[in-house]
Every structure is written in structure tokens, then in C-alpha cells.
Amino acid sequence: MPLPTSVLEELRRAVGREHVINSTNDLRIFERDASIEGAMPDAVVLPATTSEVSAVIKVAAKNRIPVVPRGAGTGLSGGAVTIRGGIALQVTRMRKILEIDPVTQTALVEPGVVNQELSLAAASQKLFYAPDPSSQKACTIGGNAAENSGGPHCLYYGVTTDHVVGMEVVLADGSVHWVSGDAPDRVGLDLCGVLVGSEGTLCAITKIKVRLLRTPPSVATLLAAFPTIDAASQAVSAVIGQGIVPAALEMMDSVTVGAVEAHYHAGYPTDAGAVLLVEVDGIAESTRELMAAVRKVLAANQGYALREAQSPAERDLLWAGRKGAIGALGRIKPNYYLHDGVVPRSRLPQILSAVGVIGVHYKLPVANVFHAGDGHLHPNILFDLRDRDVLPQVESAGEEMLRAVVELGGALSGEHGIGLEKSAFMPWVYSPDDLDAMRRVKDALDTNGIMNPGKVFPDPERKVPHLAGRSGLAIEAKWW
Amino acid sequence: MTAKTAVEKPATAEELVKLLHEAAEAGFAVRPVGGGRAMEMGDPPSREDIELRTTALDRVLEHSQADMVVSVEAGITLEALQLQLGKSGQFLPLDPFNSPGHTIGGLLATGWTGPLRQRFGSARDFLIGIRVALPDGRLATAGGRVVKNVSGYDLMKLHYGALGTLGVIVAASFKVFPKPLHDVTVESAQGSMDEAWGDVERALSMPMAPAAVELFSNGRVVARFLGSPDATKRMVSDLGWAKADAAFWKKHAKAAPSTWARIAAPRHQLRSILDKLGPDQDWWASPGIGLANWAVAGTSDDIRAVRAAAVAAGGSLVLLAGPADLRRDAGAWGTPPATLHLMRRLRSAFDPNSVINPGRFVV
């Protein structure tokens, strides 16, 4: 529904004429993120400052128009999709690194700063920003904070929330607040902690202060082949079971390895049922000892063709294969649906086998490339949109996989967020009382309900999940 | 505390939430109590009719060694949990002061930490699931039992350090850690305060950061390195400090001044605040975290003066223990944060009639 001219004029006054987009052709660009479902915004507004964000939200609040904050649009759960129309609040003009402080080892950035740009900028101070989503060349720190994004190195270093020191946020009434800050143990409730990962449903983020870490003096990266996914999963459990927590511990199945090798020629063993990419870092003594221990455990668990990167270039190549794996899968099918779920680590063999069975059932190839050390799964369903009626099949397969994740005691998402994609599944893991507690937070902070409506919480007006009622399993709160 | 305070010790979470609900309906004020190690933290409650003890909720609900995840009831003590985890070579890296006897629920509600926070962060960082009893009679769960989870709001963060004001914690799940391969304690040669601060900075800037560094008002500096044998050996030899007895940490964890203030500041500004305390005051600090504990020997004016310095640096001074009059007079929390009205909205969403710990917390 187009916004009334009067509202458009108010928005133009807030950010400047050229920074309000409302022609249908231009709006189309902002119709989707990197997930499946899209919806057209009524307007895209590109503020340059916090006060402009505040002014835009005040206009939206006065006119009860939804506001959906948006960074690079690389999100995978529909968080940036304007499902109820309204304003896409595009923050990419706010992309200054305001400060990198080598003494406090923090950086203050605007939300549109690209993840990798921050690490590159910090490198001269021998510092880096740890969360490293595979989309780090494009995704923004604001989007990362809104989604509480992860990445391969979160196994040791933790996810985004562990690295956010404080934020400047704009609430649904346009008010601007600093939450948290440099000192530990702040007085009062931890607003920052609950706003990180709130997927744009509680606030717009306008500045983020993040912790930077010292670049480790030494890094060792090892690639190991395994005859089967099961063997590789066992090896993962064995490494962790030895008390070793590597910086990263990633798995790729044979489908992925084949595509990656054809594309990158990184020397991935194409005869393997699965490969593990293991990285340890620290001082030289530590990486040497840890890598020796890792090698021993992998070899004792059917690992073969162990290959350690001998140079930074070789290490980069090994990682290029991992981080570019999703793109390389385009060699098999032009489209993909990347799923996200977490199981207790020891359940990896079971969930991977279930994922395989589901893929076969729907006659859809599935490639697995994921954060094995965390039990964090990324089944990637490959398909061709030109095939008739393939999309409902893809969606059903994905749902069944998620259902299996939950039945094994897992979580709906480890880093992509709930967004639009998984909101209908929330009752699988949370009881009505659990969801009610979250709803109270939403209502207390988003007082007029304009912040990214239709996300995270199950929407009674939207599709019922295909599987609801089919198994009749009561999974909620199983873990107690 | 009045003599009229009734003590309840429910045996299950369901029983606890029922008692809480009944109290709320009847208009009684409830003080949740775990190990009773932080009874004087905060302002003296305006009312307390019922003391709700969680200590009968002391079970380990599930510990999966392979997944390195544990779920416990809130009333289990830290020591009992460590004993269980230790059997599998694992531990929860928490070493709070005024130990032993803290319950897990109490540690989460108060947010108390110890020296190991330098390396592992606080329980805020490895709390992955929580179950809370609400005054309206509901039990609400957030998070789960996996180490990475972004399904819904991170309510764990809201309950952590909230002194129970958003609900009484009845159970929690944690990511646990493998016991370190090697654990070495070292101590610098004691000298002037200037030298001590220099030692602290040197330890913190080692290429493999120490897991803990504690500084005392008498100039003593003790550090702890965890890691692989060769790596810890190199750090110890590069630093050149004397080996010290690991038993130091257990003794240190017992520290609990009768009048006790926690000073928090951005880490590089902590010294300027501590310098104001003067040479006759006893304190110890975790300088790498930006925290200090002050055994207050002074008046509420002295407390206010130090607090002003902490606040000016962007930090805080919170009273963790002390006579009620002093806490009332100086105020346990100081100037409320600018976002207090938002915090109040959250509190009233969960505890609209301020049934839990009324008047004790800042919100």
C-alpha cells in the first residue's frame, strides 16, 4: 500500500529528498534478503545519522507504519523483509568506523560498516573482530548485532553478543538510548544483552561498540579427510572430549567437497565422505601442542590425508573453500535453501543421517557445510527454481529437517535468526508461557508495535507449518 | 528483617511457582534466597514477608559430557555442581568471592564473579538456558541446551544480575569447559604500588593472556595461567615471577568484607579511582576486568566520594554487604541509569506489583 504523500513528505524532510525511495521499480531491489520469501516495502528510507533515524521512526510512530531496519540484506531468515509493508530503514549510508581504540581494544562503528572492513581496519593495530559470518565480505555489523550472528571462529571466541560492549539504539517512539558501555557490571537490567539478537523487533541500532581481540601470534590450520560423515562426527566429539576447544572446527560433506574442489582447487580430497577443517591459534607453543593433539585424535578416528597449511596463502585457500562453499554449490543446482539448526554435539551423526534421508525422500540433493564443533548444522537444499512446483518440496524438506533438529533436543537457529522463516516453528521449542514471556519484552519496548512486525513470534494469520500435527510429538521444554 | 518473615522451602519448581503466585495474590513481598551469600546486596528491601529458599531444588537435571552442557536446578551449590562436573574432567569457570556456599540461582541473580572472569567471562557468557517462576504463576523457559542459539529473545541476559526482580530462577543450563591441561599460579616480587600496577600490565600484555590477575592494596600481584604445558611454561618463564601455591585461589575466594563495595570502571581507569581510596583502605582488584572490591572502612560520605569518581569514569560503585543504615544512607546502587524508565517497563511486565525483592534493586 503506497504511503500517503503527506507521510512521504515528512520522511523526505527527515532525511533529504534523494534518500527516500518509493518508485515501484526501485523498491523491488529491497523486496528480499538472502532468504526465500520476499515482500515489497512501501518506501525505503536511507538515513545518514542517528537523529535522522530517530526522525524517521517518529514519523512512522505517528502514522503507525511498520519500520524494518536493514543492513546489507544478506540475512537468511527474512529478518529484513517488509512482510507488513511499511518502511525499510536502510542503514548503509551509516558506514563510518568512528573509532578504533588500541588501548581499550574496542571499536565504535555505525551499523552499516561491513564486518570484514572492521577487521581489515583493525589489522594495523594487530587487532581483529572475532565473529566472522561466511557473508562477512558483505554483511554489516548492525545486521550482525540485530541477528546475533556467528561464524566459524565462534566455537572458541563466541558469537556477536559476546563481543558487543554497548550500543546506541532508537526505540519505537524515536527515543535514542545508550545501552551498556565500557565498564563491567553496570547498574540495572542488561538491556543491551536482550537487544542484541532481537532481530529489529525492539529497536533500530545506530552505533555499536565492539570488543576487538589481539591477533594471535600463531595459527595452524589442518584439513583432514574421513571415509564417512559418521566417522568425521565421531572425530569432532573426540577432539572436544579431549578437552581441546579449537578456534574453528568445520565440516563439509562429499557433495560440498566436490563442488568446492572443482571451483577453488584448494586440494580438498574428493574421495572423502567428509572433511574437517580444524584451526587452532595462540602462541607458537600452544598451537604446536594443540595441533599435535588434534592430529592424534583425528588419526585415531579414521582421519586420513591430514594436510596442514604451510603458508598464510595456503591457509587462506583452505578457508576460501569453506567460506565460498555455498557459492560453489551453484555448480550442482542454481538455487539453494540454506538451513540452520543446532543439536547437542553428540547428536551430529543422527541428525546428519536424518537430513540425508529427508533429502532422498524429497529427491533433492543436500549439501552439508557447517560448524561441527558447536553441533551447528547447515543443511543446504539444492534445487532449480525452473523445476515446476519444486519450492513447496524444498520448504517441506527444510521443515522436516528442522523438526528432526528439535526432536533431537536442538534449537531452531544458531545464527540466522527466527525472522519470518521460522516463526511458525517457535511453538515446537517454546510453550505458550515461554512465548508469552518474550512477548512481554516486545510489548514493553516496542510500545506501538511498529518495529519489524510479523517476525520471531508465530503469526496466526500466516501459513500453518506443513508438519504441524502430523507427528503430534510434544517437544516443548523436553530438556527439563 | 522482621521476625514475622515466613520461610518456605519448596521441593519442586512447580511448588515454588505456586507459592510465589499465592504470595503475589495475597500481596506479600517475597525474598528469594539461595545460599544466603549475598543477603545484604542492594538496598534494604522495603518489605519481606516470605523468604523463598531454593535450596531444596538441588538436582543436576542433566549433564552430557560429550556435549559439554549441564542443566541444573537453581538451588544446587556451585561446589556440588563442580564435584559432579569434575568427574568428567569438566568445570564451570566460576570462582565468586564469599565462597563456598553460593547456589547457581544466586550467582545468576546477583551476577557475582571472581578472578577467572578474566579468561572465561562471567556466567552471562556461558548461560545458555534459563527457567524462571513468575509472580502470575507461570514457569517460563528461554534458550535451550545447545551452545549456540538465537531462537527468540535472549532472556537469559535480562535475568542475569536482576536480583530476581523479573522472576525467580528455578533452573539453568550452561556451556561447561574442559579442565585446563595445565594450571600454574605465579606471584610477582612485592614492591611499591607503582611497581605492582606495572606488573599487572605486564602480565596482561603477555602473548598468552593470563586466566586471572589479582592485585591487592598491599602491592601483592598474583596471576594464573591455564593452557597447554609448554605454553604455560613459556609464559611463566618470560614473566619471571615466582611460582605460588595454587591453594591461594581457594583462600582468596573466601574473601568477604563485612562492609563491601564493588567498584567497576573501564579497565584503564580503575587505578585512578583506587588511588583515591588512600593507603589505609583494604581492597583487591581484577584490573584486567575493571573490577575492584573495597573493604569499606569509612562513612557514607566516603562511599559517595569514591562512587562519584567511579561514575565520572563511566563506572559504578555498588554495595554488596554492610549495615542496613549505611546502605540506606549511601544508597546501594547510586545514581540510576538513564534508561531506568525502560527497565521499569520490563520489571512491571513481569512483576507488576513489585512482589519480589521490593525496594532492593535499582529497578
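Predicted model: local features only at pLDDT ≥ 70, side-chain atom pairs only at ≥ 80, totals over all residues.
Which residues does Tyr362(A) touch, not counting residues up to four places away in sequence? Hold that thought for a moment.

Tyr362(A) touches Gln393(A), Ser396(A) and Ala397(A), with residues up to four places away in sequence left out of the count. Take Ala397(A). In sequence, Tyr362(A) and Ala397(A) are 35 residues apart. In space, their C-alpha atoms are 6.6 Å apart. Tyr362(A) sits in a loop, between helix 13 (348-361) and strand 18 (366-370) of chain A. Buried or exposed, with 20 other C-beta atoms within 10 Å? Tyr362(A) is buried, because 20 or more such atoms is the cut-off.

Arg64(A) lies between helix 3 (50-63) and strand 3 (67-70) of chain A. Arg64(A) has 10 other C-beta atoms within 10 Å, so this residue counts as exposed. Look at its backbone, too. Phi of Arg64(A) is near 55°, a positive value in a residue other than glycine. Most residues other than glycine have a negative phi.

Next, the layout of chain A. The domain assignment gives domain 1 (5-90), domain 2 (97-214), domain 3 (218-328) and domain 4 (333-417). Between the C-alpha centres of domain 1 of chain A and domain 3 of chain A there are 42 Å.

On to where the chains meet. On the chain A side, 73 residues are in contact with 71 residues of chain B. Which elements of chain A give two or more residues to that side? They are strand 9 (176-180), helix 7 (191-195), helix 8 (229-241), helix 10 (284-300), helix 15 (426-429) and helix 16 (432-445). Helix 16 of chain A gives the most, with nine residues. By class, the side of chain A that touches chain B has 34 nonpolar, 24 polar and 15 charged residues.

Let's zoom in on one helix pair. Helix 10 of chain A and helix 8 (residues 229-239) of chain B have axes that come within 7 Å. These axes cross at roughly 165°. Why call the pair roughly antiparallel? Because an angle over 145 degrees counts as such, helix 10 of chain A is roughly antiparallel to helix 8 of chain B. The crossing of helix 10 of chain A and helix 8 of chain B is right-handed. From helix 10 of chain A come Glu285(A), Ser286(A) and Glu289(A). They meet Asp230(B), Ala231(B) and Arg234(B) in helix 8 of chain B. The residues of this contact divide into one nonpolar, one polar and four charged.

Now chain B itself. Chain B is divided into domain 1 (1-179 + 336-363), domain 2 (182-252) and domain 3 (260-330). The C-alpha centres of domain 1 of chain B and domain 3 of chain B lie 25 Å apart. Nine residues of domain 1 of chain B are in contact with ten residues of domain 3 of chain B. The domain 1 side of that contact has five nonpolar, one polar and three charged residues.

Last stop: one loop of chain B. Asn98(B) is in the loop between strand 6 and helix 3 of chain B. Phi of Asn98(B) is near 60°, which is positive in a residue other than glycine. Asn98(B) is buried, since 22 other C-beta atoms lie within 10 Å. In that loop, between strand 6 (90-91) and helix 3 (104-110) of chain B, you also find Pro100(B). What kind of peptide bond joins Ser99(B) and Pro100(B)? A cis bond, with omega about -5°. Most peptide bonds are trans.

Notes:
Residues numbered from 1 in each chain as written. Chains lettered and ligands numbered in written order. Domains from an automatic or database assignment. Contact = placed C-beta atoms within 7 Å. Helix = DSSP H or I, 4+ residues; strand = E, 2+ residues; numbered from the N terminus. Nonpolar A, V, L, I, M, F, W, Y, C, P; charged D, E, K, R; others polar. Buried ≥ 20, exposed ≤ 12 C-beta atoms within 10 Å, placed from the backbone. Axes fitted to C-alpha atoms, helices over the stretch in contact; angles between N-to-C directions. Parallel < 35°, antiparallel > 145°, perpendicular 65-115°, else oblique. Left-handed = near helix turned anticlockwise from the far one by under 90°.
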